[in-house]
Amino acid sequence: MATAVARHALRRATGGGGSRTLGSKRNFASSAHHDDAYEAEKWEKITYAGIFTCTVLAIYNLSKPHRHYEEPPPYPYLRSRQKDIPPAPRYGLFT
C-alpha cells in the first residue's frame with residue numbers, strides 16, 4: 001500500500017502517467033478549425049437556393065396543360081353483384 005502511494009506521488013511530481021499537461025489537449029472533430037458562422041451561412045444559402053428551385057419547378061409543372069379524362073360510361077354490368085356475400089366463418093370450440 002505504501003509503495004502505491006509513493007508511486008502515485010512520484011507520477012504527480014514528475015507530470016507523467018495519467019495526468020495530462022496543458023500541451024496534450026484532445027482535439028475533437030468539432031474543433032477542426034472551421035468557421036462555424038461561415039458554414040451556417042453556406043448552408044442557409046444552399047437551403048434558400050433549393051427552396052427557390054423547387055418552387056420554380058412546381059410552378060412550371062403545375063402551369064403546363066394536363067389531360068382531363070372523360071367520365072367512363074355507366075355500364076350496368078360493371079358494379080353488379082350476382083352472388084350473396086358468404087357468411088363469415090365461425091371459429092370456436094362449439095360450432
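Helices (H or I, at least four residues) and strands (E, at least two) are DSSP runs, numbered from the N terminus. D36 sits in one of these runs, helix α2 (residues 36–63).

This is a predicted model, in which local features need pLDDT of at least 70, side-chain atom pairs count only at pLDDT 80 or more, and totals for chains, interfaces and linings use all residues. Residues are numbered from 1 along each chain as its sequence is written, and side-chain values use heavy atoms, with hydrogens and water left out.

The protein chain has two helices and zero strands. Of its 95 residues, 0% are buried (under 20% relative accessible area; exposed is over 50%, partly exposed in between; 1.4 Å probe, protein chains only). Its accessible surface (Shrake-Rupley method, 1.4 Å probe) is about 10400 Å². Carbon and sulfur atoms hold 61% of that surface.

Helix α1 covers residues 2–14. Its 13 residues reach 18 Å from first C-alpha to last, close to the 18 Å expected at 1.5 Å a residue. That expected span is 1.5 Å times one less than the number of residues. The number of buried residues in α1 is zero, so the helix lies largely in the open.

Helix α2 holds a charge pair. The whole structure has one salt bridge (a side-chain nitrogen of Lys or Arg within 4 Å of a carboxyl oxygen of Asp or Glu). K42 forms a salt bridge with E39, with the closest N and O atoms 3.4 Å apart. The two are three residues apart in α2, so about one helical turn separates them.

| Residue | Relative accessible area | Class |
|---|---|---|
| K42 | 30% | partly exposed |
| E39 | 27% | partly exposed |
| D36 | 58% | exposed |
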